[in-house]
Amino acid sequence: MKILNKTLIGLLSLFCLVSCDFLEETAYNKVTVGNFYTTKEGITNGVNGLYSTLRNMYIQEYLIYMCEGPSDLWIAYNGSEQWRNWTIDATNNDVRSFWYNSYKSINQCNTVIYSLENDEIEGLDESLRVQYLAEALFIRAHYFYHLVQQFGDIPMSLKPTNSVETAVYKTKADEVWTQIISDLEYAMQNLPESYSVSEYGRVTKYAAMHHLSRVLLTVKRDNRDIENALQYAETVINSGQYSLVQSHAELWDINNKHNSEVIFPVLYTQNAELNGNGNTAHMFFCSAYSEEHPAVLRVIEYGRPWSRERSTDFAINLFDETIDKRWDDCFISRWNVTEESVTEKIFSPYSKQIEEKVWKKGELAMIDPREPWTPEQIKEVWPVLVFLPEYMREQIDPATDVQSETNPNAKWPSNTRFTSYKMYAYLVKHLDPLRPEVNWTAGSRDVFVFRLADTYLLAAEAAFLLNNTQKAVEYINVVRHRAAVPGHETDMEIKSSDVSIDFILDERGRELMGEMHRWYDLKRTGKLMERMNDPNMSSSTTGKFEEFHVLRPIPRDQLTNVSNPEEFTQNPGYGN
(Lines give C-alpha, C1' and ligand atoms only; values in the text may rest on other atoms or scores of the structure.)
Protein backbone atom coordinates (compact mmCIF):
# COMPACT_ATOMS: atom_id res chain seq x y z
CA MET A 1 0.00 0.00 0.00
CA LYS A 2 1.18 3.49 -0.81
CA ILE A 3 1.10 6.19 1.78
CA LEU A 4 0.96 9.85 2.38
CA ASN A 5 1.00 13.05 0.55
CA LYS A 6 3.30 15.87 -0.45
CA THR A 7 3.53 17.05 3.14
CA LEU A 8 5.51 13.93 3.91
CA ILE A 9 7.99 14.12 1.03
CA GLY A 10 11.45 13.56 2.36
CA LEU A 11 10.43 11.60 5.44
CA LEU A 12 13.73 9.85 5.36
CA SER A 13 15.61 13.01 6.26
CA LEU A 14 15.86 12.23 9.91
CA PHE A 15 17.15 14.64 12.52
CA CYS A 16 17.20 12.58 15.68
CA LEU A 17 18.24 14.12 18.97
CA VAL A 18 18.66 11.02 21.03
CA SER A 19 19.73 11.54 24.56
CA CYS A 20 19.36 9.28 27.46
CA ASP A 21 21.27 6.32 28.78
CA PHE A 22 21.71 3.89 25.88
CA LEU A 23 20.89 6.48 23.23
CA GLU A 24 23.74 8.46 21.72
CA GLU A 25 23.11 11.78 20.03
CA THR A 26 23.46 11.32 16.29
CA ALA A 27 22.29 13.48 13.38
CA TYR A 28 20.83 11.60 10.42
CA ASN A 29 20.56 13.50 7.17
CA LYS A 30 19.24 12.39 3.81
CA VAL A 31 18.79 8.81 4.90
CA THR A 32 17.42 6.63 2.11
CA VAL A 33 17.05 2.91 1.81
CA GLY A 34 20.43 1.35 1.16
CA ASN A 35 22.69 4.36 1.76
CA PHE A 36 23.06 4.31 5.52
CA TYR A 37 22.06 1.11 7.30
CA THR A 38 24.85 -1.04 5.91
CA THR A 39 27.03 -1.25 9.02
CA LYS A 40 26.42 -2.28 12.60
CA GLU A 41 27.05 1.28 13.76
CA GLY A 42 24.63 2.69 11.21
CA ILE A 43 21.77 0.31 12.01
CA THR A 44 22.37 0.71 15.74
CA ASN A 45 22.02 4.46 15.36
CA GLY A 46 18.93 3.91 13.24
CA VAL A 47 17.23 1.75 15.87
CA ASN A 48 18.21 4.16 18.63
CA GLY A 49 16.72 6.95 16.53
CA LEU A 50 13.34 5.21 16.59
CA TYR A 51 13.15 5.75 20.33
CA SER A 52 13.70 9.47 19.87
CA THR A 53 10.67 9.65 17.55
CA LEU A 54 8.51 8.78 20.54
CA ARG A 55 9.33 12.20 21.95
CA ASN A 56 7.31 13.72 19.12
CA MET A 57 4.29 12.07 20.75
CA TYR A 58 5.02 11.80 24.49
CA ILE A 59 3.84 14.19 25.69
CA GLN A 60 3.03 16.87 23.16
CA GLU A 61 0.05 19.15 23.68
CA TYR A 62 -1.89 17.38 20.93
CA LEU A 63 -1.63 14.06 22.77
CA ILE A 64 -3.38 15.29 25.90
CA TYR A 65 -6.41 16.34 23.84
CA MET A 66 -6.42 13.15 21.78
CA CYS A 67 -5.89 10.73 24.69
CA GLU A 68 -7.09 12.41 27.89
CA GLY A 69 -9.66 15.10 27.41
CA PRO A 70 -12.23 16.42 27.04
CA SER A 71 -13.60 13.28 28.69
CA ASP A 72 -15.24 12.19 31.92
CA LEU A 73 -12.01 13.13 33.73
CA TRP A 74 -10.92 16.31 31.97
CA ILE A 75 -12.20 19.62 30.69
CA ALA A 76 -10.06 21.23 27.99
CA TYR A 77 -10.35 24.80 29.18
CA ASN A 78 -7.56 27.13 28.18
CA GLY A 79 -6.32 25.67 24.91
CA SER A 80 -7.87 25.12 21.50
CA GLU A 81 -11.36 26.53 21.07
CA GLN A 82 -12.40 23.41 19.13
CA TRP A 83 -11.67 21.19 22.12
CA ARG A 84 -13.16 23.62 24.61
CA ASN A 85 -16.44 23.84 22.69
CA TRP A 86 -16.31 20.36 21.17
CA THR A 87 -16.39 21.56 17.56
CA ILE A 88 -13.54 19.41 16.24
CA ASP A 89 -13.27 19.29 12.48
CA ALA A 90 -10.74 18.48 9.75
CA THR A 91 -8.89 21.78 10.31
CA ASN A 92 -7.92 20.86 13.88
CA ASN A 93 -4.17 21.38 14.31
CA ASP A 94 -3.83 18.83 17.11
CA VAL A 95 -5.42 16.10 15.02
CA ARG A 96 -3.18 17.10 12.13
CA SER A 97 -0.02 16.97 14.27
CA PHE A 98 -1.00 13.56 15.62
CA TRP A 99 -1.53 12.19 12.11
CA TYR A 100 1.61 13.51 10.44
CA ASN A 101 4.03 12.94 13.31
CA SER A 102 2.81 9.36 13.62
CA TYR A 103 3.25 8.62 9.91
CA LYS A 104 6.63 10.32 9.76
CA SER A 105 7.77 8.05 12.61
CA ILE A 106 6.24 4.96 11.01
CA ASN A 107 8.16 5.66 7.84
CA GLN A 108 11.35 5.86 9.86
CA CYS A 109 10.46 2.50 11.45
CA ASN A 110 9.81 1.03 8.01
CA THR A 111 13.21 2.20 6.79
CA VAL A 112 14.97 0.42 9.65
CA ILE A 113 12.79 -2.69 9.31
CA TYR A 114 13.45 -2.88 5.55
CA SER A 115 17.20 -2.78 6.08
CA LEU A 116 17.10 -5.39 8.84
CA GLU A 117 15.03 -7.71 6.67
CA ASN A 118 16.79 -7.17 3.33
CA ASP A 119 20.29 -5.72 3.64
CA GLU A 120 23.63 -7.25 4.37
CA ILE A 121 24.76 -5.32 7.42
CA GLU A 122 28.46 -5.54 8.13
CA GLY A 123 29.33 -6.64 11.67
CA LEU A 124 25.74 -7.30 12.80
CA ASP A 125 25.26 -10.80 14.20
CA GLU A 126 21.97 -12.64 13.87
CA SER A 127 20.87 -12.32 17.49
CA LEU A 128 21.28 -8.55 17.47
CA ARG A 129 19.57 -8.29 14.09
CA VAL A 130 16.54 -10.14 15.46
CA GLN A 131 16.50 -7.96 18.58
CA TYR A 132 16.70 -4.77 16.56
CA LEU A 133 13.91 -5.97 14.28
CA ALA A 134 11.76 -6.75 17.31
CA GLU A 135 12.37 -3.27 18.73
CA ALA A 136 11.48 -1.58 15.46
CA LEU A 137 8.32 -3.67 15.04
CA PHE A 138 7.24 -2.84 18.60
CA ILE A 139 7.61 0.89 18.03
CA ARG A 140 5.83 0.75 14.67
CA ALA A 141 3.00 -1.26 16.23
CA HIS A 142 2.71 1.36 18.96
CA TYR A 143 2.17 4.12 16.41
CA PHE A 144 -0.38 2.06 14.49
CA TYR A 145 -2.12 1.32 17.83
CA HIS A 146 -2.61 5.04 18.36
CA LEU A 147 -3.67 5.72 14.78
CA VAL A 148 -6.25 2.96 14.44
CA GLN A 149 -7.79 3.89 17.79
CA GLN A 150 -8.15 7.49 16.72
CA PHE A 151 -9.06 7.20 13.03
CA GLY A 152 -10.36 3.66 12.34
CA ASP A 153 -9.50 2.60 8.78
CA ILE A 154 -6.10 4.12 8.00
CA PRO A 155 -3.24 3.92 5.50
CA MET A 156 -0.95 1.10 6.61
CA SER A 157 2.30 1.23 4.72
CA LEU A 158 4.74 -1.51 5.71
CA LYS A 159 7.50 -0.34 3.40
CA PRO A 160 9.56 2.87 3.46
CA THR A 161 8.59 5.77 1.23
CA ASN A 162 11.25 8.09 -0.18
CA SER A 163 9.52 9.63 -3.15
CA VAL A 164 6.31 11.49 -3.98
CA GLU A 165 3.32 9.14 -3.75
CA THR A 166 0.02 10.97 -3.78
CA ALA A 167 -2.34 8.02 -4.15
CA VAL A 168 -3.37 6.98 -0.64
CA TYR A 169 -5.40 3.92 0.31
CA LYS A 170 -7.05 2.93 3.55
CA THR A 171 -6.65 -0.43 5.25
CA LYS A 172 -9.58 -1.78 7.24
CA ALA A 173 -9.17 -1.39 10.98
CA ASP A 174 -9.42 -5.16 11.50
CA GLU A 175 -6.40 -5.69 9.24
CA VAL A 176 -4.46 -2.99 11.06
CA TRP A 177 -5.17 -4.68 14.39
CA THR A 178 -4.02 -8.00 12.93
CA GLN A 179 -0.74 -6.41 11.85
CA ILE A 180 -0.28 -4.79 15.28
CA ILE A 181 -0.78 -8.14 16.98
CA SER A 182 1.64 -9.85 14.59
CA ASP A 183 4.34 -7.21 15.18
CA LEU A 184 3.92 -7.35 18.94
CA GLU A 185 3.98 -11.15 18.96
CA TYR A 186 7.30 -11.07 17.10
CA ALA A 187 8.57 -8.54 19.62
CA MET A 188 7.39 -10.64 22.55
CA GLN A 189 9.09 -13.74 21.19
CA ASN A 190 12.40 -12.07 20.33
CA LEU A 191 13.06 -9.26 22.79
CA PRO A 192 15.18 -9.87 25.90
CA GLU A 193 13.60 -9.94 29.34
CA SER A 194 15.89 -7.14 30.53
CA TYR A 195 18.95 -5.09 29.64
CA SER A 196 22.01 -3.76 31.38
CA VAL A 197 21.59 -0.56 33.39
CA SER A 198 23.29 1.41 30.61
CA GLU A 199 20.56 0.33 28.17
CA TYR A 200 17.62 1.29 30.38
CA GLY A 201 14.71 2.42 28.24
CA ARG A 202 14.81 -0.25 25.53
CA VAL A 203 11.61 -2.24 25.07
CA THR A 204 11.56 -5.70 26.57
CA LYS A 205 9.64 -8.94 26.16
CA TYR A 206 7.41 -7.83 29.03
CA ALA A 207 6.66 -4.44 27.48
CA ALA A 208 5.44 -6.33 24.40
CA MET A 209 3.31 -8.62 26.59
CA HIS A 210 1.76 -5.65 28.37
CA HIS A 211 1.02 -4.01 25.02
CA LEU A 212 -0.48 -7.23 23.66
CA SER A 213 -2.70 -7.56 26.72
CA ARG A 214 -4.14 -4.11 26.10
CA VAL A 215 -4.53 -4.71 22.35
CA LEU A 216 -6.30 -8.04 22.82
CA LEU A 217 -8.67 -6.50 25.37
CA THR A 218 -9.44 -3.86 22.76
CA VAL A 219 -10.18 -6.13 19.81
CA LYS A 220 -11.80 -8.98 21.80
CA ARG A 221 -12.32 -11.02 18.64
CA ASP A 222 -13.23 -14.04 20.73
CA ASN A 223 -12.84 -15.42 24.23
CA ARG A 224 -9.34 -16.61 23.42
CA ASP A 225 -8.17 -13.02 23.00
CA ILE A 226 -9.36 -12.20 26.51
CA GLU A 227 -7.74 -15.35 27.89
CA ASN A 228 -4.45 -14.40 26.23
CA ALA A 229 -4.76 -10.84 27.51
CA LEU A 230 -5.02 -12.20 31.05
CA GLN A 231 -2.16 -14.63 30.50
CA TYR A 232 0.17 -11.94 29.18
CA ALA A 233 -0.67 -9.52 31.99
CA GLU A 234 -0.14 -12.23 34.61
CA THR A 235 3.19 -13.20 33.04
CA VAL A 236 4.38 -9.61 33.41
CA ILE A 237 3.11 -9.44 36.99
CA ASN A 238 4.79 -12.72 37.93
CA SER A 239 8.00 -12.15 35.99
CA GLY A 240 9.94 -10.86 38.98
CA GLN A 241 11.21 -7.97 36.84
CA TYR A 242 8.84 -5.35 38.24
CA SER A 243 7.24 -4.36 41.53
CA LEU A 244 5.00 -1.54 42.70
CA VAL A 245 6.84 1.22 44.51
CA GLN A 246 5.55 2.11 47.97
CA SER A 247 3.43 5.13 47.06
CA HIS A 248 2.52 7.55 44.32
CA ALA A 249 4.67 10.14 46.04
CA GLU A 250 7.63 7.84 45.44
CA LEU A 251 6.49 6.94 41.94
CA TRP A 252 6.27 10.57 40.80
CA ASP A 253 9.42 11.72 42.56
CA ILE A 254 11.46 12.92 39.58
CA ASN A 255 14.64 11.75 41.29
CA ASN A 256 13.24 8.21 41.27
CA LYS A 257 12.28 7.94 37.62
CA HIS A 258 14.27 4.73 37.04
CA ASN A 259 12.10 2.74 39.43
CA SER A 260 10.85 -0.83 39.69
CA GLU A 261 7.33 -0.11 38.42
CA VAL A 262 8.22 1.21 34.97
CA ILE A 263 7.76 -1.22 32.08
CA PHE A 264 8.09 1.08 29.07
CA PRO A 265 9.44 4.64 29.43
CA VAL A 266 10.22 7.42 27.00
CA LEU A 267 13.47 8.99 28.20
CA TYR A 268 14.60 12.57 28.63
CA THR A 269 17.70 14.20 30.08
CA GLN A 270 18.79 17.35 31.93
CA ASN A 271 21.48 17.90 29.30
CA ALA A 272 19.95 20.75 27.29
CA GLU A 273 22.14 20.00 24.27
CA LEU A 274 20.74 16.48 24.02
CA ASN A 275 17.16 17.01 25.25
CA GLY A 276 15.70 18.60 22.12
CA ASN A 277 12.36 20.26 22.96
CA GLY A 278 12.24 18.18 26.12
CA ASN A 279 9.17 16.91 27.92
CA THR A 280 6.71 19.82 27.98
CA ALA A 281 3.91 17.97 29.78
CA HIS A 282 4.68 19.83 33.00
CA MET A 283 2.81 22.86 31.62
CA PHE A 284 -0.42 21.34 30.38
CA PHE A 285 -2.17 20.35 33.62
CA CYS A 286 -0.82 23.19 35.77
CA SER A 287 -3.27 25.95 36.76
CA ALA A 288 -2.58 29.69 36.97
CA TYR A 289 -1.86 29.70 40.70
CA SER A 290 0.36 32.79 40.40
CA GLU A 291 -2.53 35.05 39.35
CA GLU A 292 -4.58 34.66 42.52
CA HIS A 293 -2.51 35.84 45.48
CA PRO A 294 -0.08 38.78 45.80
CA ALA A 295 2.43 36.67 47.75
CA VAL A 296 2.29 33.58 45.50
CA LEU A 297 4.28 34.13 42.35
CA ARG A 298 5.43 31.66 39.72
CA VAL A 299 8.09 29.26 41.04
CA ILE A 300 9.69 26.09 39.69
CA GLU A 301 8.13 23.97 42.45
CA TYR A 302 4.56 24.81 41.44
CA GLY A 303 5.20 24.75 37.70
CA ARG A 304 4.72 26.89 34.62
CA PRO A 305 0.95 27.18 34.09
CA TRP A 306 -0.59 26.71 30.66
CA SER A 307 -3.92 25.47 32.11
CA ARG A 308 -4.81 23.15 29.24
CA GLU A 309 -6.56 20.34 31.15
CA ARG A 310 -8.63 20.76 34.31
CA SER A 311 -10.09 17.74 36.13
CA THR A 312 -13.87 17.47 36.11
CA ASP A 313 -15.92 17.48 39.30
CA PHE A 314 -16.60 13.81 38.60
CA ALA A 315 -12.86 13.06 38.55
CA ILE A 316 -12.24 14.93 41.81
CA ASN A 317 -15.09 13.09 43.49
CA LEU A 318 -13.60 9.70 42.56
CA PHE A 319 -11.20 10.08 45.50
CA ASP A 320 -11.99 9.53 49.16
CA GLU A 321 -9.04 11.39 50.63
CA THR A 322 -9.70 9.99 54.12
CA ILE A 323 -8.57 6.54 52.98
CA ASP A 324 -7.06 7.04 49.49
CA LYS A 325 -3.69 8.79 49.45
CA ARG A 326 -3.71 9.28 45.69
CA TRP A 327 -5.47 12.62 46.04
CA ASP A 328 -2.73 14.06 48.24
CA ASP A 329 0.06 12.29 46.34
CA CYS A 330 -1.11 13.23 42.86
CA PHE A 331 -2.64 16.71 43.23
CA ILE A 332 -1.49 20.11 44.38
CA SER A 333 -4.39 21.70 46.23
CA ARG A 334 -2.48 23.92 48.68
CA TRP A 335 -0.05 26.70 47.86
CA ASN A 336 2.37 28.44 50.21
CA VAL A 337 3.73 31.97 50.05
CA THR A 338 6.65 32.09 47.63
CA GLU A 339 7.91 35.63 48.41
CA GLU A 340 10.02 36.69 51.38
CA SER A 341 7.57 39.32 52.65
CA VAL A 342 4.45 40.85 51.13
CA THR A 343 2.10 43.26 52.89
CA GLU A 344 -1.59 43.15 51.99
CA LYS A 345 -4.65 44.95 53.30
CA ILE A 346 -7.59 42.57 53.75
CA PHE A 347 -11.10 42.85 55.18
CA SER A 348 -11.33 40.79 58.37
CA PRO A 349 -14.42 38.69 59.15
CA TYR A 350 -13.55 39.08 62.83
CA SER A 351 -12.95 42.81 63.31
CA LYS A 352 -15.19 43.76 60.37
CA GLN A 353 -12.60 46.18 59.10
CA ILE A 354 -9.55 46.36 56.85
CA GLU A 355 -6.47 44.85 58.47
CA GLU A 356 -2.85 44.68 57.40
CA LYS A 357 -1.43 41.22 56.80
CA VAL A 358 2.28 40.58 56.28
CA TRP A 359 2.71 37.34 54.35
CA LYS A 360 5.93 35.43 55.08
CA LYS A 361 7.58 32.90 52.80
CA GLY A 362 6.39 29.35 53.47
CA GLU A 363 3.07 30.32 55.05
CA LEU A 364 -0.06 28.63 53.71
CA ALA A 365 -1.67 31.05 51.26
CA MET A 366 -4.35 29.20 49.23
CA ILE A 367 -6.42 26.02 49.49
CA ASP A 368 -8.59 24.31 46.88
CA PRO A 369 -10.30 21.59 48.97
CA ARG A 370 -11.60 18.45 47.31
CA GLU A 371 -15.08 19.14 48.73
CA PRO A 372 -16.71 22.56 49.28
CA TRP A 373 -16.16 24.15 52.67
CA THR A 374 -18.76 25.93 54.78
CA PRO A 375 -18.47 29.64 55.64
CA GLU A 376 -17.38 28.64 59.13
CA GLN A 377 -14.56 26.45 57.81
CA ILE A 378 -13.36 29.20 55.49
CA LYS A 379 -13.44 31.76 58.30
CA GLU A 380 -11.30 29.51 60.52
CA VAL A 381 -8.34 29.70 58.11
CA TRP A 382 -8.68 33.43 57.26
CA PRO A 383 -6.81 35.13 55.58
CA VAL A 384 -5.82 32.02 53.60
CA LEU A 385 -7.79 32.00 50.33
CA VAL A 386 -10.21 29.08 49.98
CA PHE A 387 -11.54 28.17 46.53
CA LEU A 388 -15.06 26.85 46.13
CA PRO A 389 -16.12 24.90 43.03
CA GLU A 390 -16.91 27.04 40.01
CA TYR A 391 -20.54 25.87 39.87
CA MET A 392 -21.14 27.51 43.28
CA ARG A 393 -20.96 30.92 41.59
CA GLU A 394 -24.58 30.21 40.64
CA GLN A 395 -25.44 30.04 44.35
CA ILE A 396 -23.07 32.71 45.67
CA ASP A 397 -22.70 36.17 44.16
CA PRO A 398 -19.26 37.52 45.13
CA ALA A 399 -20.60 41.07 44.89
CA THR A 400 -23.33 40.53 47.48
CA ASP A 401 -22.60 37.31 49.37
CA VAL A 402 -18.88 37.67 50.16
CA GLN A 403 -17.78 40.06 52.93
CA SER A 404 -16.03 43.30 52.08
CA GLU A 405 -15.69 46.80 53.50
CA THR A 406 -18.91 47.81 51.77
CA ASN A 407 -20.68 44.52 52.57
CA PRO A 408 -19.38 43.59 56.05
CA ASN A 409 -22.18 41.26 57.15
CA ALA A 410 -22.39 38.98 54.13
CA LYS A 411 -22.57 35.24 54.78
CA TRP A 412 -19.26 34.22 53.22
CA PRO A 413 -15.88 35.41 54.60
CA SER A 414 -13.69 37.76 52.57
CA ASN A 415 -11.19 34.98 51.79
CA THR A 416 -13.82 33.07 49.77
CA ARG A 417 -12.82 32.51 46.17
CA PHE A 418 -13.93 30.30 43.27
CA THR A 419 -12.10 27.95 40.97
CA SER A 420 -12.09 28.91 37.31
CA TYR A 421 -10.90 27.74 33.92
CA LYS A 422 -7.42 28.85 34.99
CA MET A 423 -7.29 28.19 38.75
CA TYR A 424 -7.86 24.73 40.20
CA ALA A 425 -6.17 21.85 42.02
CA TYR A 426 -3.90 20.18 39.51
CA LEU A 427 -2.06 16.97 38.74
CA VAL A 428 1.58 16.68 39.85
CA LYS A 429 2.55 13.64 37.76
CA HIS A 430 4.16 15.74 35.06
CA LEU A 431 5.63 18.59 37.10
CA ASP A 432 9.38 19.04 36.69
CA PRO A 433 11.16 20.69 39.64
CA LEU A 434 14.55 20.05 38.02
CA ARG A 435 14.08 22.68 35.33
CA PRO A 436 16.83 25.31 35.63
CA GLU A 437 14.43 28.26 35.83
CA VAL A 438 10.72 28.87 36.16
CA ASN A 439 9.90 29.59 32.51
CA TRP A 440 12.03 26.74 31.12
CA THR A 441 9.84 24.55 28.90
CA ALA A 442 12.16 21.64 28.00
CA GLY A 443 11.54 19.32 30.93
CA SER A 444 13.61 16.23 31.70
CA ARG A 445 11.01 13.97 33.35
CA ASP A 446 10.69 10.52 31.77
CA VAL A 447 7.24 9.49 30.53
CA PHE A 448 5.95 6.21 31.96
CA VAL A 449 4.04 4.84 28.96
CA PHE A 450 3.44 1.47 30.64
CA ARG A 451 3.77 0.70 34.33
CA LEU A 452 2.92 -2.26 36.55
CA ALA A 453 -0.19 -0.82 38.23
CA ASP A 454 -1.71 -0.57 34.75
CA THR A 455 -0.82 -4.24 34.18
CA TYR A 456 -2.67 -5.25 37.36
CA LEU A 457 -5.75 -3.36 36.22
CA LEU A 458 -5.60 -4.88 32.73
CA ALA A 459 -5.42 -8.31 34.37
CA ALA A 460 -8.41 -7.42 36.52
CA GLU A 461 -10.39 -6.30 33.49
CA ALA A 462 -9.62 -9.50 31.60
CA ALA A 463 -10.48 -11.65 34.62
CA PHE A 464 -13.79 -9.83 35.06
CA LEU A 465 -14.69 -10.36 31.39
CA LEU A 466 -13.93 -14.06 31.87
CA ASN A 467 -16.34 -14.11 34.84
CA ASN A 468 -13.51 -14.67 37.31
CA THR A 469 -14.61 -11.82 39.54
CA GLN A 470 -12.62 -13.00 42.54
CA LYS A 471 -9.37 -12.85 40.60
CA ALA A 472 -10.33 -9.37 39.38
CA VAL A 473 -10.86 -8.30 42.99
CA GLU A 474 -7.46 -9.62 44.00
CA TYR A 475 -5.66 -7.65 41.30
CA ILE A 476 -7.60 -4.45 41.96
CA ASN A 477 -6.94 -4.73 45.69
CA VAL A 478 -3.18 -4.91 45.08
CA VAL A 479 -3.39 -1.47 43.48
CA ARG A 480 -5.75 -0.12 46.12
CA HIS A 481 -3.60 -1.37 49.00
CA ARG A 482 -0.66 0.61 47.64
CA ALA A 483 -2.91 3.68 47.38
CA ALA A 484 -4.26 3.45 50.93
CA VAL A 485 -3.64 6.03 53.63
CA PRO A 486 -1.47 4.09 56.11
CA GLY A 487 -3.71 2.12 58.45
CA HIS A 488 -6.64 2.13 56.00
CA GLU A 489 -5.59 -0.77 53.76
CA THR A 490 -8.64 -2.81 54.82
CA ASP A 491 -10.93 0.15 54.16
CA MET A 492 -9.61 0.31 50.61
CA GLU A 493 -10.37 -3.35 49.85
CA ILE A 494 -13.27 -4.16 47.58
CA LYS A 495 -15.32 -7.33 47.28
CA SER A 496 -16.75 -9.23 44.33
CA SER A 497 -20.09 -7.43 44.42
CA ASP A 498 -18.28 -4.10 43.91
CA VAL A 499 -16.69 -5.03 40.60
CA SER A 500 -18.15 -3.87 37.31
CA ILE A 501 -16.77 -2.31 34.14
CA ASP A 502 -17.74 1.07 35.57
CA PHE A 503 -15.82 0.38 38.77
CA ILE A 504 -12.77 -0.74 36.78
CA LEU A 505 -12.97 2.45 34.71
CA ASP A 506 -13.23 4.54 37.87
CA GLU A 507 -10.27 2.76 39.42
CA ARG A 508 -8.24 3.29 36.26
CA GLY A 509 -9.18 6.95 36.57
CA ARG A 510 -7.96 7.15 40.14
CA GLU A 511 -4.71 5.35 39.35
CA LEU A 512 -3.86 6.44 35.81
CA MET A 513 -5.49 9.79 35.15
CA GLY A 514 -3.27 12.06 33.09
CA GLU A 515 -1.18 9.18 31.71
CA MET A 516 -2.62 9.23 28.17
CA HIS A 517 -4.94 6.22 28.50
CA ARG A 518 -8.42 7.63 29.11
CA TRP A 519 -9.84 7.90 25.58
CA TYR A 520 -8.74 4.35 24.81
CA ASP A 521 -10.08 3.02 28.13
CA LEU A 522 -13.50 4.51 27.42
CA LYS A 523 -13.54 3.13 23.87
CA ARG A 524 -12.30 -0.32 24.86
CA THR A 525 -14.94 -0.75 27.55
CA GLY A 526 -17.78 0.54 25.36
CA LYS A 527 -18.42 3.48 27.70
CA LEU A 528 -17.25 6.39 25.55
CA MET A 529 -20.65 7.48 24.23
CA GLU A 530 -22.32 7.05 27.61
CA ARG A 531 -19.79 8.96 29.66
CA MET A 532 -19.21 11.74 27.18
CA ASN A 533 -22.97 12.46 27.27
CA ASP A 534 -23.47 12.17 31.02
CA PRO A 535 -23.81 15.71 32.44
CA ASN A 536 -22.60 14.44 35.82
CA MET A 537 -19.36 13.30 34.22
CA SER A 538 -18.56 15.40 31.17
CA SER A 539 -20.39 18.70 31.21
CA SER A 540 -18.39 20.15 28.30
CA THR A 541 -19.33 17.41 25.81
CA THR A 542 -22.83 16.42 26.97
CA GLY A 543 -25.32 16.96 24.18
CA LYS A 544 -22.51 17.55 21.68
CA PHE A 545 -20.84 14.14 21.49
CA GLU A 546 -22.29 12.06 18.67
CA GLU A 547 -21.61 8.55 17.40
CA PHE A 548 -19.28 9.75 14.65
CA HIS A 549 -17.04 11.42 17.24
CA VAL A 550 -15.75 7.98 18.23
CA LEU A 551 -13.33 8.52 15.34
CA ARG A 552 -11.35 11.69 14.63
CA PRO A 553 -11.46 13.62 11.35
CA ILE A 554 -8.72 12.97 8.82
CA PRO A 555 -6.76 16.23 8.41
CA ARG A 556 -8.08 18.39 5.58
CA ASP A 557 -4.72 18.92 3.89
CA GLN A 558 -4.28 15.14 3.76
CA LEU A 559 -7.58 14.90 1.89
CA THR A 560 -6.88 17.78 -0.48
CA ASN A 561 -3.43 16.51 -1.47
CA VAL A 562 -4.38 12.98 -2.49
CA SER A 563 -4.81 12.12 -6.16
CA ASN A 564 -7.59 9.57 -5.48
CA PRO A 565 -10.11 11.52 -3.35
CA GLU A 566 -12.97 9.29 -4.45
CA GLU A 567 -11.26 6.37 -2.68
CA PHE A 568 -9.58 8.18 0.21
CA THR A 569 -12.54 9.82 1.93
CA GLN A 570 -13.18 11.63 5.18
CA ASN A 571 -14.46 9.76 8.22
CA PRO A 572 -18.27 9.94 8.50
CA GLY A 573 -19.77 13.04 10.09
CA TYR A 574 -16.97 15.50 9.39
CA GLY A 575 -17.64 16.60 5.83
CA ASN A 576 -14.39 17.56 4.14
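## A tryptophan in a loop

Tryptophan 86 sits in the loop between α3 (81-85) and α4 (93-118). Helices (H or I, at least four residues) and strands (E, at least two) are DSSP runs, numbered from the N terminus. The phi of tryptophan 86 is near 55°, positive even though the residue is not glycine. Tryptophan 86 is buried, at 4% relative accessible area; buried means under 20%, exposed over 50%, and partly exposed in between (1.4 Å probe, protein chains only).

## About the model

This is a predicted model, in which local features need pLDDT of at least 70 and side-chain atom pairs count only at pLDDT 80 or more, while totals for chains, interfaces and linings use all residues. Residues are numbered from 1 along each chain as its sequence is written, and side-chain values use heavy atoms, leaving out hydrogens and water.

## A lysine with positive phi

Lysine 352, in the loop between β6 (341-347) and β7 (354-360), has a positive phi of about 60° without being a glycine. Its relative accessible area is 36%, so lysine 352 is partly exposed.

## Two cis peptide bonds

Tyrosine 58 and isoleucine 59 are joined by a cis peptide bond, with omega near -20°. Isoleucine 59 belongs to the loop between α1 (40-53) and α2 (61-67).

The bond from tryptophan 382 to proline 383 is cis as well, with omega about 10°. Look for proline 383 in the loop between α12 (375-380) and β9 (385-388).

## A buried arginine

Arginine 524 is part of helix α18 (residues 518-524) and is buried, with a relative accessible area of 6%.
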